[in-house]
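The report below goes through one chain, beginning with a single residue and its contacts. Helices, a sheet and some backbone angles follow.

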Amino acid sequence: MRSIPTRLTIFPLLVFLIITGCYTVPETGRSSFTLLPESQVRGMGVSSFEEIKSSAPLITSGRNYDMIQRVGQRIAKAAGNDVPNAEWEFIYIDEDQVNAFALPGGKIAIYDGMFDVIDSEDELAFIMGHEVAHVSARHSNQRLSQAMVLAGIGVGVGYAIDDLDTSEKQLILAAYGLGTTVGISLPYSRLHESEADHIGQLYMARAGYNPEVAPGVWKKMAEVSPNGTPGWLSTHPTHEDRSEALAESLPRAKEEYQKSRYVTGDR
Ligand SMILES: [Zn+2]
């Protein structure tokens, strides 16, 4: 008796998966697997960001703050149509950890501790390019989608996270990296980190920042945390691997840099 409804439901489910399950990452052209409507993921990002803003100690003036705003706007412009419907916001959190994060919807945070490592606006531009790239590549949606599949949560149910029971909802939020206490995303996978490095380097170059500094940023990060990794870097690729990959992708980024209207003066 049960086999009939099962067979009837599998076909529409497959069609659903095929239709919704594909997103082509900008700049790299990689096909990725996403189940949730991006509008829903964006909404989750925006509301989480509001929570973080209301509890985190924020710095809202000064040289570093101004630099974050300036770099953020230029990087966002360079990302352009890669992030439709973004409402960019760049906050500066007064905590002494080498950290930064991005949430869907165009919400970026830089921690004060980051300025112990970076020495120039170009280096900040690489960090922010990397964070913006996580947004444009929809890494949060991919991570959520994987978590849902692993948890066996019905695909169709994903449209209404509010309807899930508490443990399912917690699992989703944990995968999303938005536990109630921490509010910072979990480490991304090796693939996502490398992809964000690559795309971020292109964005910074397009925004008129010198992409030659990018490989060196990871070298400095390695010096800061020789035995471990600071929070936002606690991912699989080593600093050395990332540095090498960025050196390899430098020629293309340099082409973008030479064409940048900030560099040519054609603003
Ligand atoms: Zn990252």
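## His192 and its surroundings

His192 is in contact with His134 and His139, its neighbours within four places in sequence being left aside; contact here requires C-beta atoms, placed from the backbone, that lie within 7 Å. The model is a predicted one, in which local features need pLDDT of at least 70, side-chain atom pairs count only at pLDDT 80 or more, and totals for chains, interfaces and linings use all residues. Residue numbers start from 1 along each chain, as its sequence is written.

Helix α7 (residues 190–206) holds His192. Helices (H or I, at least four residues) and strands (E, at least two) are DSSP runs, numbered from the N terminus. His192 counts as buried because it has 22 C-beta neighbours inside 10 Å. A residue is buried if 20 or more other C-beta atoms, placed from the backbone, lie within 10 Å of its own, exposed if 12 or fewer, and partly exposed in between. Arg143 is 49 residues from His192 along the chain, and the C-alpha atoms of the two are separated by 9.6 Å.

## The chain as a whole

The chain has eleven helices and five strands. Of its 267 residues, 39% are buried. Among contacts with a separation of 6 or more, 73% join residues 24 or more positions apart.

In α2, Val41, Arg42, Met44, Gly45, Ser48 and Phe49 are buried. They lie on the same side of α2, because they cover an arc of only 160° around the axis; the arc is that of the directions from the helix axis to the C-beta atoms. Ser39, Ser47, Glu50, Glu51 and Ser54, on the other side of α2, are exposed.

Helix α8 (residues 214–224) has Ala214, Pro215, Val217, Trp218 and Met221 buried. Their arc around the axis is only 155°, which puts them on the same side of α8. Lys219 and Glu223 are exposed on the other side of α8. The buried residues of α8 pack against α4 (121–136), α7 and α9 (239–248).

## The sheet

Three strands form an open sheet in the order β3-β5-β4, with mixed pairing. Its edge strands, β3 (89–93) and β4 (100–103), each pair on one side only; pairing requires at least two DSSP bridges between two strands. Neighbouring strands are turned by 15° against each other on average, direction ignored. Strands β3 and β5 (residues 107–111) run parallel and are joined by five bridges. Glu89 has Lys107 in β5 as its bridge partner. Helix α4 lies across β4 and β5 and runs at about 30° to β4. Axes are lines fitted to C-alpha atoms, for helices over the stretch in contact, and angles run from 0 to 180 degrees between N-to-C directions.

Most residues other than glycine have a negative phi.

Key. Contact = placed C-beta atoms within 7 Å.
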